[in-house]
Amino acid sequence: MAAIGLVVAATIGIGLFGLRISRTTSDFYVASRAVSPRWNASAISGEYLSAASFLGVAGLVLVNGADMLWFSVGYTVGYLMLLVFVAAPLRRSGAYTLPDFAETRFESAAVRRICAGLVVGIGTLYLLPQLHGAGLAVQTVTGAPPQVGAAVVAVIVVINVAAGGMRSITFVQAFQYWLKLTALAAPIFVILLAWHHPTGVLDSLHGAAGEWAEPLSRAGGRDHPLYATYSLLLALCFGTMGLPHVLVRFYTNPDGRAARRTTVVVLALLGFFYLFPPMYAVLGRTFAPDLVNNGGDTVVLELPGRVFPGTAGDLLGALVAAGAFAAFLSTSSGLTVAIAGVIDQDLLRSRLHRWTGGDYVAVSSFRIAALIAMVVPYVAFTVTGALSLADTVGLAFALAASTFCPLLVLGIWWRRMSTTGAAAGLVVGGIAASAAALVNVAGAPQGGWPRALVGQPAAWTMPLAFLTVIVVSKLTPDRIPAGTARSMVRLHTPEAVDVDRG
């Protein structure tokens, strides 16, 4: 409890520091586009390494064996796809949010509204496992109901986001990446040192590497594992570029070159972090095999106490709990900023303008939007709080890969994409992936191909969305935006060239 309290205090303190230098609308949305690549890379890594990364990956490997290492690979490789296809052009677009980019590129208010709805949907779906993870962490270390941990995260995130916006949470997330890395790595190093101690403190550890690559129980088996693996990789590799809280951070870079450099640093930071969760799973096979009965999500939190009963285990467990709570706070903050930006621009401002005759402050509407952006997921959490961490995040990735990935990749690289094609792809991909997610929430099929197709839908929903965009665009050449040529020049021309005067 003391460790969690320190993380909360540090988060609020750093957020208040950000408040001192957050004054303009640009500060709240994109930190005035002045974040350096190294600082931004730490912040991106801090918000990206969520409950699924800190707790879920280790639990999945513990239960299902080596097949689940694809989660770590996919989470990291997604940034390589983002680097190649999206990072620099997206920054050059000059947009604040994904709906801004869509309206600028396709000159359509309808496409913007669809994007706004999808940002809120994906963000809410991604927030659920953060709240679930926070509840799980607090329940594990204190015995309090899960709603308590979720409520603490919700309140702190709203305070930080409403206080300083993007400028504030940039500092918070950069700090929290290094805290999470330390919290995850330190117990592993202590365990390994004890293992190699000349007195043989942990002789039993020699059995940990025995059969860890195989599923620990029949519950770990999957239907059509080859299809499930490839579908998972598609979702993780291409869903990253559609996550609103990830993309909004690239708007904070000074230019496209800085966005690319940021992505390269992120790849290194993520690759280093993901070395450690599988180690917890391997050690869990020896010291905590019983945790498979609850899905394995608590193995990271409980392993230090299992290995070192007593004060040493308590201290290491406190460090891990602090890192876990930092994971929930940082990811939730990024998601809340992304959702709040869309709610503010596409919902609140027009109504406030109508109600007040235009006499309102933009920053105030952003703060109201931040409150709404967290309250809705928290209410949803009270209904769906028992969902698996990594599985829920996987569905969010599948939805992002089936909607924003085709929009961004084809919108940036294919000049013949029409407005109608963009809208059709978003709708078809969104409905298909959302239907799969709802079926999983309501109760997935018991086995066979139906279970595999619904459990990992990206392998069919993502190609379906791409095909829809291409076919509809070919059928509606008259709906290609009039300003496509200028948009493409802006997206692909380095900032040193003055496009407006060219």
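Visitor: How much space lies in the second largest pocket?

Guide: A pocket is found on a 1 Å grid over the protein atoms alone: it is an open set of points with protein on both sides within 12 Å along at least five of seven lines, and its lining residues have an atom within 4 Å of a point. Grid points are joined across faces, edges and corners, and a volume is the space filled by probe spheres set on the points. In this case, the second largest pocket holds about 270 Å³ of space. Please note that this is a predicted model, in which local features need pLDDT of at least 70 and side-chain atom pairs count only at pLDDT 80 or more, while totals for chains, interfaces and linings use all residues. Residues are numbered from 1 along each chain as its sequence is written, and side-chain values use heavy atoms, with hydrogens and water left out.

Visitor: Which residues lie nearest the centre of the second largest pocket?

Guide: The lining comprises 14 residues, and those nearest the centre are Val 141, Leu 301, Asp 314, Gly 317 and Ala 318. Helices here are DSSP runs (H or I, at least four residues), numbered from the N terminus. Helix H1 (2–20), H8, H14 and H15 each give two or more residues to the lining of this pocket. H15 contributes the most, with 5 residues.

Visitor: How many cavities of 30 Å³ or more does the structure hold, and which residues line the largest cavity?

Guide: A cavity is a set of grid points where a 1.4 Å probe fits but cannot get out. The structure has 1 cavity of 30 Å³ or more. The largest cavity contains about 70 Å³ of space, and its lining includes Tyr 96, Pro 99, Val 119, Tyr 251 and Ala 338. H7, helix H11 (244–250) and helix H15 (311–356) each provide at least two lining residues, with H11 giving the most, at 3 residues.

Visitor: How many salt bridges does a search of the whole structure find?

Guide: Side chains of opposite charge can pair when their charged atoms come close. The criterion is a side-chain nitrogen of Lys or Arg within 4 Å of a carboxyl oxygen of Asp or Glu. The search finds 4 salt bridges. One of them joins Arg 112 and Asp 100, whose closest N and O atoms are 2.7 Å apart. Arg 112 belongs to helix H8 (residues 109–142) and Asp 100 to helix H7 (residues 98–106), so this pair ties together parts 12 residues apart in sequence.

Visitor: Are Arg 112 and Asp 100 buried or exposed?

Guide: Buried means under 20% relative accessible area, exposed means over 50%, and partly exposed lies in between (1.4 Å probe, protein chains only). Both Arg 112 and Asp 100 are buried.

Visitor: Which residues form a salt bridge with Arg 306?

Guide: Asp 290 is one partner of Arg 306, with closest N and O atoms 2.9 Å apart. That pair links distant parts of the chain, 16 residues apart: Asp 290 is in the loop between helix H13 (277–287) and helix H14 (299–307), and Arg 306 is in helix H14. Glu 302 also forms a salt bridge with Arg 306, at 3.3 Å between the closest N and O atoms. Arg 306 and Glu 302 are 4 residues apart in helix H14, so about one helical turn separates them. Asp 290 is partly exposed, with a relative accessible area of 39%; Arg 306 is partly exposed at 29%, and Glu 302 is partly exposed at 25%.

Visitor: Which residues of the largest nonpolar core touch the most other members?

Guide: In soluble globular proteins, nonpolar side chains tend to be buried together. A nonpolar core is a set of buried Ala, Val, Leu, Ile, Met, Phe, Trp, Tyr and Cys residues joined through side-chain atoms within 4.5 Å. The largest core has 144 residues, of which Phe 54, Tyr 75 and Phe 328 touch the most other members. Contact means heavy atoms within 4.5 Å. Leaving aside neighbours within four places in sequence, the contacts of Tyr 75 include Tyr 48, Leu 236, Tyr 274 and Phe 397.

Visitor: Where is Gly 242 found, and is Gly 242 buried or exposed?

Guide: Gly 242 is in the loop between helix H10 (225–239) and H11, and is buried, at 0% relative accessibility. Beyond its neighbours within four places in sequence, Gly 242 is in contact with Leu 98, Ile 122, Leu 247, Ala 400 and Phe 404.
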